[in-house]
Amino acid sequence: MTRTLVIGGARSGKSAHAEALATAAGKPVVYIATAQAGDAEMQARIAHHRARRDSHWVTVEEMLALGAAIEKHSTPDNLVMVDCLTVWLSNLLFSEEKEFPEIGAIDAPACFTEQRAAFLQALTQARGDVILVSNEVGQGIVPQGAVSRWFVDEAGRLNQAVAAVCERAVLIVAGLPLTLKG
């Protein structure tokens with residue numbers, strides 16, 4: 001059993017690399033998609049990913065309860081691929097309708113701590129191979145607004161926690177993989 005984090009910037013090739021790793025494993029794949037088609041741009045992104053995905057893969061759409069989905073679908077005989085953690089994080093952080101301040105601290109929604117902990121526990125206890133795709137969002141300038149800083153901080157914390165659990169971590173830059181761990 002191997003857990004692999006594939007991380008990179010937007011349009012770096014991380015999903016394609018993760019999909020190639022999943023195919024090379026030679027196991028049935030359960031693809032957990034975390035995106036919601038809330039607007040035309042996201043609908044186009046989802047369509048692009050669907051068109052590229054192997055038609056034999058089972059797709060599970062899960063926007064919030066990622067830990068439960070991993071727990072349910074992870075078996076020694078298959079591979080679970082999650083695309084993507086930062087979209088899932090965004091779903092969690094903005095799961096409640098509320099206004100956010102321009103400056104100052106922001107309180108996470110009630111579900112955030114519980115779902116994050118459940119995800120990390122499920123990842124630790126996965127019964128089969130897992131490949132996780134995530135965006136590296138902390139290499140640019142510090143965002144100006146409180147909400148953007150909050151998201152970047154939480155994404156960085158999540159990526160660190162996931163990398164600590166994974167046996168392998170690969171950074172994708174310009175479509176090229178750089179092994180960070182394993």
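Phe-94 is partly exposed, with a relative accessible area of 32%, where partly exposed covers the range between buried (under 20% relative accessible area) and exposed (over 50%), computed with a 1.4 Å probe on protein chains only. The model is predicted, so local features need pLDDT of at least 70 and side-chain atom pairs count only at pLDDT 80 or more, while totals for chains, interfaces and linings use all residues. Residues are numbered from 1 along each chain as its sequence is written, and side-chain values use heavy atoms, with hydrogens and water left out.

A search of the whole structure finds 5 aromatic pairs, a pair being rings of Phe, Tyr or Trp (its six-membered ring) whose centres lie within 6.5 Å, called stacked if the planes are under 30 degrees apart, edge-to-face if over 60 and tilted otherwise. One of them is stacked, namely Tyr-31 with Trp-57, at 6.2 Å centre to centre and 25° between the planes. Tyr-31 lies in strand S2 and Trp-57 in the loop between helix H2 (40–52) and S3, so this pair ties together parts that are 26 residues apart in sequence; helices (H or I, at least four residues) and strands (E, at least two) are DSSP runs numbered from the N terminus. Tyr-31 is buried at a relative accessible area of 1%, and Trp-57 is buried at 11%.

The rings of Phe-94 and Trp-150 have centres 5.7 Å apart and planes at 85°, so they meet edge-to-face. Because Phe-94 lies in the loop between H4 and H5 and Trp-150 in helix H6, the pair ties together parts that are 56 residues apart in sequence. Trp-150 counts as buried, at 9% relative accessibility, and ring pairs link Phe-94, Phe-100 and Trp-150 into a cluster.

In helix H3 (residues 66–73), the buried residues are Leu-66, Gly-67, Ala-69, Ile-70 and His-73. Seen down the axis of H3, they fall within an arc of 165°, so they line one face of the helix, the arc being that of the directions from the helix axis to the C-beta atoms. On the other side of H3, Glu-71 and Lys-72 are exposed.

Arg-3, found in strand S1 (residues 3–8), is buried, with a relative accessible area of 9%. The side chain of Arg-3 makes a polar contact with that of Glu-167 at 2.4 Å, a polar contact being a pair of N or O atoms within 3.5 Å, of which, within protein, one must be able to donate a hydrogen and the other to accept it, while residues adjacent in sequence count only if both atoms are side-chain atoms.
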